[in-house]
There are 2 protein chains.
Amino acid sequence: MAATAADGGFRVLDRNSLIDYIRATPALSSQLGSKLEGLSVKEVGDGNLNYVYIIVSSSGSLVLKQAIPYIRCIGESWPMTKERAYFEALALKEHGRLCPTHVPEVYHFDRPLSLIAMRYLKPPHIILRKGLIAGIVYPLLAEHMSEYMARTLFFTSLLYHSTLEHRREVAEYCGNVELCRLTEQVVFSDPYKVSQYNHWTSPYLDHNAEAVREDDILKLEVAGLKSMFCERTQALVHGDLHTGSVMVTTESTQVIDPEFAFYGPMGFDIGAFLGNLILAFFSQDGHADQGNDRSAYKQWILKTIGDVWNLFQKKFITLWNENKDGNGEAYLKDIYKKPELWNLVQEKYIKDLFHDSLGFGAAKMIRRIVGVAHVEDFESIPDARRRATCERRALEFAKSLLKERRRFDKIEQVVSAIQEIPT
Amino acid sequence: MAATAADGGFRVLDRNSLIDYIRATPALSSQLGSKLEGLSVKEVGDGNLNYVYIIVSSSGSLVLKQAIPYIRCIGESWPMTKERAYFEALALKEHGRLCPTHVPEVYHFDRPLSLIAMRYLKPPHIILRKGLIAGIVYPLLAEHMSEYMARTLFFTSLLYHSTLEHRREVAEYCGNVELCRLTEQVVFSDPYKVSQYNHWTSPYLDHNAEAVREDDILKLEVAGLKSMFCERTQALVHGDLHTGSVMVTTESTQVIDPEFAFYGPMGFDIGAFLGNLILAFFSQDGHADQGNDRSAYKQWILKTIGDVWNLFQKKFITLWNENKDGNGEAYLKDIYKKPELWNLVQEKYIKDLFHDSLGFGAAKMIRRIVGVAHVEDFESIPDARRRATCERRALEFAKSLLKERRRFDKIEQVVSAIQEIPT
Ligand SMILES: Nc1ncnc2c1ncn2[C@@H]1O[C@H](COP(=O)(O)OP(=O)(O)O)[C@@H](O)[C@H]1O
Ligand SMILES: Nc1ncnc2c1ncn2[C@@H]1O[C@H](COP(=O)(O)OP(=O)(O)O)[C@@H](O)[C@H]1O
Ligand SMILES: [Mg+2]
Ligand SMILES: [Mg+2]
Ligand SMILES: [Mg+2]
Ligand SMILES: [Mg+2]
Ligand SMILES: [Mg+2]
């Protein structure tokens, strides 16, 4: 496809034009060393939206990700701004600055081409979701993810930002509205009405899907979460922090794919991650076999759910205490310095964030069972009846979590509730 | 002051340069008719921030308002962007489009000069606050102000906007951050700590001011409101909707001075107006004299407080119902169409808005008694002891309202609570 004036120089890159582009771009060729002959170029985009290429030379490697002006897995019938790559690059750089250990480095960004070059997360890195399906234990996952979330959310909130910095950043990310709208539709709207895009394991879940559409209290709660998503500029959130946006080894945890980044409620990220861990839990019975009943693995997932939240809140509070003399304007030290009050304020903040996270987590679970985009955790269970049983349990848990989340004070209570869902 | 390149052509206008400017600007001279000799030019800025000129010719009139790069009543030591005029003009035009009956028409805006030309609100229009001090009954005030608030808030919220429109507008008004910061400081921070700007009727209120600074629960609640102010982009709010921003006759109600406009919580406007009516109520005993004990007037104020809220919610819900087939994306008709659910959702929305309004209203009251900028309602009571008694009652009411607001379901309960404050 040739560049035209109308699309500002955009063209979909292919194998050959990619190589030409790399040759012409020192920031890229320098990553790959002097010998650019015999480059290996592999398209690996297993995601829903974009093209991702792994480029390996004899002395280096990188990943190129290109956004195209529609949703890849649906086609040109569902247009989607390729400017999402701009916000992805911006967020990768910002989150990378705040938490370099868990975010791949950005080497280069080309806005007209919507093209990001970043560090290649080499094997044995795999997508966390695939690791969870395979039953692999990641002993550092909770530590790493809580670190990533605590740092990226704290440092982009008014606990650290002045309101001057904050409103400037909020304004910038308002530009990522089309991606926000996609979330609004697929997470907060479509599952609660009849929509051409919705699907579920039919006929087994027909009644359950209908019950979601008929549940007034659920819909009232979802409306509150949707408003919070649309109106609350609490921090720069990743915006799509499911287990498919994390690449892992047993030692390393890397967060990719923040193309949905915007200033939104912190609980949206925390909930996305926790909710997807809970989905992984409920899918395990569908992956159990004679050799492995998955019960130990289920315990590890539950422990990880608990650890993610508990470590998150500990790290978040630590950052808050360490930065109490900084620019953050939400709780001025001069007003809140008395230790009892300082604690009171932090407890209130964390409690509200906990309930937000549970609410968003539940909403993210529901949409993965009766909405447009499902998760491999369940999709990879071949027997539909067995899959439906797993999904139904996850769905019932998510519904009650969404409605009753304010009853929970601690993550341990949530973990207990997960285990109490009847089989 | 001559224009320089550095200030982009800005100069403070005086009498002569004003007249030259009018002559050179058709949008202005056309308002004033052909004969521009013998123009009357009167500076009337009684506000805290800007210069306001009334220009009258033999056949027409207008008002010119110029922002200067500092806070007028404090001086060059407190700089404040003159870009506030840009946001004032933008909001005047937007609110004027939505509610032309209650917003003066903008004739002209000059961004480099930070100069707004608008309709002159002729005598007998006076500032509402002065009318309330004088004990004048405005029989249409509640009707008009509820109309203004319902329309401006509804039509700039996600009940009417698509999220596309909404985020574009939010981003634009993020530019008015300096004015938001002024509010953050003087409303949500300074009153709760020792600040050089704070003052109160001393020595009578010394203990009361100290009690505000020592009240942990109050400060916890204020933190929640401040976060909402900084983070929640619910609608385009006026941002300074006290009784000094409203000009009235017994027939006409006009809202001026939206230089603090931004996307914030609706309750901030509603609360500002209600809170200032409550201040007016508590000041009445200080204005009572042998000829007029003000008791009938106090009843009228209380009735007006009730009517403002009740009419507001009625009009707001009517607009919502009338526009349910529109672009508003917060509550999609397909999801919420069942009448019981539609009602449930609206009741929840209004209840939350009520509590927000009471909270912000209380915060606005407190800051007018122990913060930097006081209100003429109290300041015009010459006897300090008598003034302090009025202020103390208002302050005690505001504190309990801020802390206990969620106990109130109806405005009538608030009105009763006002009357129960011991004298
Ligand atoms: N930096 C990287 N290193 C290695 N593999 C990557 C990298 N970025 C993406 N991938 C691979 O490409 C897939 C799609 O990338 P992703 O950023 O999630 O795209 P999409 O936005 O289309 O979901 C990932 O699931 C992963 O397998
Ligand atoms: N359109 C108008 N018509 C008549 N008087 C006006 C008009 N606008 C402002 N004024 C007068 O000027 C005063 C200050 O205007 P205002 O917009 O409140 O300025 P500030 O931002 O400095 O508070 C008002 O209190 C009112 O008396
Ligand atoms: Mg992805
Ligand atoms: Mg993606
Ligand atoms: Mg004013
Ligand atoms: Mg605009
Ligand atoms: Mg003003």
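This passage describes the surroundings of two ligands and the interface between two chains in a predicted model. Local features are reported only at pLDDT of at least 70 and side-chain atom pairs only at pLDDT 80 or more, whereas totals for chains, interfaces and linings use all residues; side-chain values use heavy atoms, with hydrogens and water left out. Residues are numbered from 1 along each chain as its sequence is written, and chains are lettered from A and ligands numbered from 1 in the order in which they are written.

Ligand 1 is surrounded by 18 residues, of which Asp46(A), Asn50(A), Lys65(A), Asp257(A) and Glu259(A) are the closest; a residue is included if one of its heavy atoms lies within 4 Å of the ligand. By class, this shell holds 10 nonpolar, three polar and five charged residues, where Ala, Val, Leu, Ile, Met, Phe, Trp, Tyr, Cys and Pro count as nonpolar, Asp, Glu, Lys and Arg as charged, and the others, Gly among them, as polar. Because domain 1 (15–118) and domain 2 (126–420) of chain A both contribute residues to the shell, ligand 1 lies between them; the domain bounds come from an automatic or database assignment. Polar backbone atoms of Arg119(A) and of Leu121(A) are each found 2.9 Å from a nitrogen atom of ligand 1. Of the 550 Å² of accessible area that ligand 1 has on its own, the protein covers 93%, as calculated by the Shrake-Rupley method with a 1.4 Å probe.

Around ligand 2 there are likewise 18 residues, the closest being Asp46(B), Asn50(B), Lys65(B), Arg119(B) and Glu259(B). Domain 1 (15–118) and domain 2 (126–420) of chain B both give residues to this shell, so ligand 2 lies between them. A backbone N or O atom of Arg119(B) is 2.8 Å from a nitrogen atom of ligand 2, while a polar side-chain atom of Glu259(B) is 2.7 Å from one of the ligand's oxygen atoms. The protein covers 93% of the 540 Å² of accessible area of ligand 2 on its own.

Between the chains, 45 residues of chain A are in contact with 45 residues of chain B, contact meaning heavy atoms within 4.5 Å. In chain A, Arg167(A), Glu231(A) and Ile335(A) lose the most accessible area (1.4 Å probe) to chain B, together 20% of what that side buries. The interface has six salt bridges, each defined as a side-chain nitrogen of Lys or Arg within 4 Å of a carboxyl oxygen of Asp or Glu. Glu329(A) forms a salt bridge with Arg181(B), with the closest N and O atoms 2.7 Å apart.

Note on methods
Polar contact = N/O pair within 3.5 Å; in protein donor to acceptor, adjacent residues only side chain to side chain. Buried area = accessible area lost by both parts, 1.4 Å probe.
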